[in-house]
Amino acid sequence: MEYSSNPMRRLFTQTVPNSLPSPPQPTGLHEEQDNWTEGQSNGRHSLLVVSPYTSPLHLLDLATLNPSQVYLARALSILAPVTHAYAAISYSKVFNWEAVFTALATAVRDDAFKWTEQFFYIVVFRSQVAPSTNRGHLGELDKRAHAEAMKSGGLLKYWFGTPDADGRNLATCIWRQREDAHPGSSGEGHKAAMRATINMYSEWHIERFKLVIGNNVERWNLSPLTG
């Protein structure tokens, strides 16, 4: 991984392995691809690609975040699964978390930014679809729901994988805070996606986690939430 000579721009200028499948019907893990976009909104605002969707309605406006949230959103641009078996293993073992938090710690240290302990909210959606399922339709519903979530605000990262041989898959949302998730999932697009979940998925369930990132990014922890 190569970094820019300007530390403040490190997480914008790297090209990283991108394992995000292209909607609406992903077929496998992709090769290298830039997953960042900067300076495409009214001059001073920066927009960041935070999902498999790259059109303007799906970009994160960094101007809506506080500095700590901006640093994390940038670091999450390198989030990628470390195994193809992500649908069947513990969430904490799915992604390259250590690489994400190493990048975050390096960025805040090099920029002399004082990172104090922060809390974030994560939702995980595990599912299984039958081989006959119209995945293209599901993809369109997902895309609409994601646009609504981005408009609502607070969604720092969205990732979904490719169904395995048994139709099992995993998707995840990393939110600024739990309070953002409710309005972000209350739009008509999300409701339509949930109706499709009931009718088109043979199995599905949701997991929730609290992500704690300690002072100076010296520690991090994922803990399951109930209720």
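**Figure 1. The second largest pocket of the predicted model.** The volume of the second largest pocket is about 150 Å³, in a model that is predicted. Its lining is made up of Pro56, Leu57, Leu59, Leu60, Asp61, Thr64, Ala147, Met150, Lys151 and Gly153. By type, the lining residues comprise 6 nonpolar, 2 polar and 2 charged. Strand β2 (59-61) and helix α4 each contribute at least two residues to the lining of this pocket. Rolling a probe the size of a water molecule over the atoms shows where empty space is left.

**Figure 2. The protein chain as a whole.** The protein chain contains 6 helices and 7 strands. Of the 227 residues in the chain, 51% are buried. The accessible surface of the chain comes to about 11,100 Å², and carbon and sulfur atoms account for 50% of this surface. Among contacts between residues at least 6 apart in sequence, 66% join residues at least 24 apart.

**Figure 3. The largest nonpolar core.** This core has 55 residues, and Tyr91 and Leu104 touch the most other members. At least two residues of the core come from each of α2 (67-75), α3 (97-110), β3 (118-129), α4 (135-152), β4 (155-160), β5 (168-175) and β6 (201-213). Helix α3 gives the most, with 8 residues. In soluble globular proteins, nonpolar side chains tend to be buried together.

**Figure 4. The surroundings of tyrosine 91.** Leaving aside residues up to four places away in sequence, tyrosine 91 touches Trp97, Ile122, Val124, Arg126, Leu170, Thr172, Ile174, Glu207, Phe209 and Leu222. Tyr91 is also one of the two residues that touch the most other members of the largest nonpolar core, together with Leu104.

Figure 5. Most residues other than glycine have a negative phi, and most peptide bonds are trans. Alanine 112 is not a glycine, yet its phi is positive, at about 55°. This alanine is placed in the loop between α3 and β3. Alanine 112 has a relative accessible area of 72%, over the 50% limit, and therefore counts as exposed. Valine 217 also has a positive phi, near 55°, in a residue other than glycine. Its place is the loop between β6 and β7 (220-225). The relative accessible area of valine 217 is 10%, under the 20% limit, so this residue is buried.

**Figure 6. Alanine 130 and glycine 167.** Alanine 130 is located in the loop between β3 and α4. With a relative accessibility of 28%, alanine 130 lies between the limits of 20% and 50% and so counts as partly exposed. Along the sequence, alanine 130 and glycine 167 are 37 residues apart, while their C-alpha atoms are 6.2 Å apart in space.

**Figure 7. Glutamate 98 and tryptophan 220.** Glutamate 98 is part of helix α3. This glutamate is exposed because its relative accessible area, 52%, is over 50%. Tryptophan 220 is 122 residues away from glutamate 98 in sequence, and the C-alpha to C-alpha distance between the two is 9.3 Å.

**Figure 8. Serine 51 and histidine 146.** Serine 51 sits in the loop between β1 (47-49) and β2. Its relative accessible area is 3%, which is under 20%, so serine 51 is buried. Histidine 146 is 95 residues from serine 51 along the chain, and 8.7 Å separates the C-alpha atoms of these two residues.

Terms used. Residues numbered from 1 in each chain as written. Predicted model: local features only at pLDDT ≥ 70, side-chain atom pairs only at ≥ 80, totals over all residues. Heavy atoms only, no water. Helix = DSSP H or I, 4+ residues; strand = E, 2+ residues; numbered from the N terminus. Buried < 20%, exposed > 50% of the residue type's maximum accessible area, 1.4 Å probe, protein only. Contact = heavy atoms within 4.5 Å. Areas by Shrake-Rupley, 256 points an atom, 1.4 Å probe, with all protein chains shown as cover. Core = buried A, V, L, I, M, F, W, Y, C linked by side-chain atoms within 4.5 Å. 1 Å grid on protein atoms, 1.4 Å probe; cavity = no way out; pocket = protein on both sides within 12 Å on 5 of 7 lines; lining within 4 Å. Points joined across faces, edges and corners; volume = space filled by probe spheres on them. Nonpolar A, V, L, I, M, F, W, Y, C, P; charged D, E, K, R; others polar.
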